[in-house]
Amino acid sequence: VAAMQRIAGAQLDLEALDISVSAAGYLLWARLGGWEAVLPQRIAQLRSILGAGEAVSGPEEAAAWRAAQEFTWADAGWALVKVPITSAQLPALDAPLQRAGAQRRYAVGGNLAWVAWPGALADLGAILAGQGLAGLALRGDTATPWIGRPLHNPFGQRIKQALDPQNRFLEW
């Protein structure tokens, strides 16, 4: 997380900044953008910030980001939940997820957690609620797509009332 925050604060043309989690540990992914001619300089700057790192390019780089986008890292039979967080909240959330055996990837500079959950979504909802977080279940068996802390968004509720006065759609 500290390395992610250092990179996020640097003047790099970042297109993506993720942490993938596997049995081997945590891996920080930074996707640099900009002109091809300046990428070697940006890679060197990134290595200077981190003290190490491996550049991945071409088909290998495309495959790595495609795997992230298509959630191939997540077991297809597990629930998939999107949780907005901050990078400061990431360590506290990661600990119980790791203990529960959840598969996870942290994206958008540590501001979004993707959680593949092996059990009942109510259990993940309890973890999220205990940390004041809410998640959106994209896959899995749940009565409502929202789990965790109930969302209290007065502005959003006013918009919903204006657009859905008969309350036919899900609550926010």
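This is a predicted model: local features need pLDDT of at least 70, side-chain atom pairs count only at pLDDT 80 or more; totals for chains, interfaces and linings use all residues.

Visitor: What makes β4 and β5 paired strands?

Guide: Strands (E, at least two residues) are DSSP runs, numbered from the N terminus. Two of them pair if DSSP finds at least two bridges between them. β4 and β5 (residues 112–117) have five, in the antiparallel sense, so they pair. Q103 stands opposite A116 in β5.

Visitor: How do you know that β1 and β4 pair?

Guide: Two bridges join β1 (residues 14–22) to β4, also antiparallel. The cut-off is at least two, so this counts as pairing. S20 has R105 of β4 as its bridge partner.

Visitor: Why is I159 called partly exposed?

Guide: Buried means under 20% relative accessible area, exposed over 50%, and partly exposed in between (1.4 Å probe, protein chains only). I159 has 31% relative accessibility, so it counts as partly exposed. Its place is in helix α6 (residues 154–163).

Visitor: What makes β4 mostly covered?

Guide: Four of the five residues in β4 (residues 103–107) are buried.

Visitor: Which residues lie nearest the centre of the largest pocket?

Guide: A30, L46, E54, A55 and V56 do, among 24 lining residues. A pocket is an open set of points on a 1 Å grid over the protein atoms alone, where a 1.4 Å probe fits, with protein on both sides within 12 Å along at least five of seven lines; lining residues have an atom within 4 Å of a point.

Definitions and conventions: Residues are numbered from 1 along each chain as its sequence is written. Side-chain values use heavy atoms; hydrogens and water are left out.
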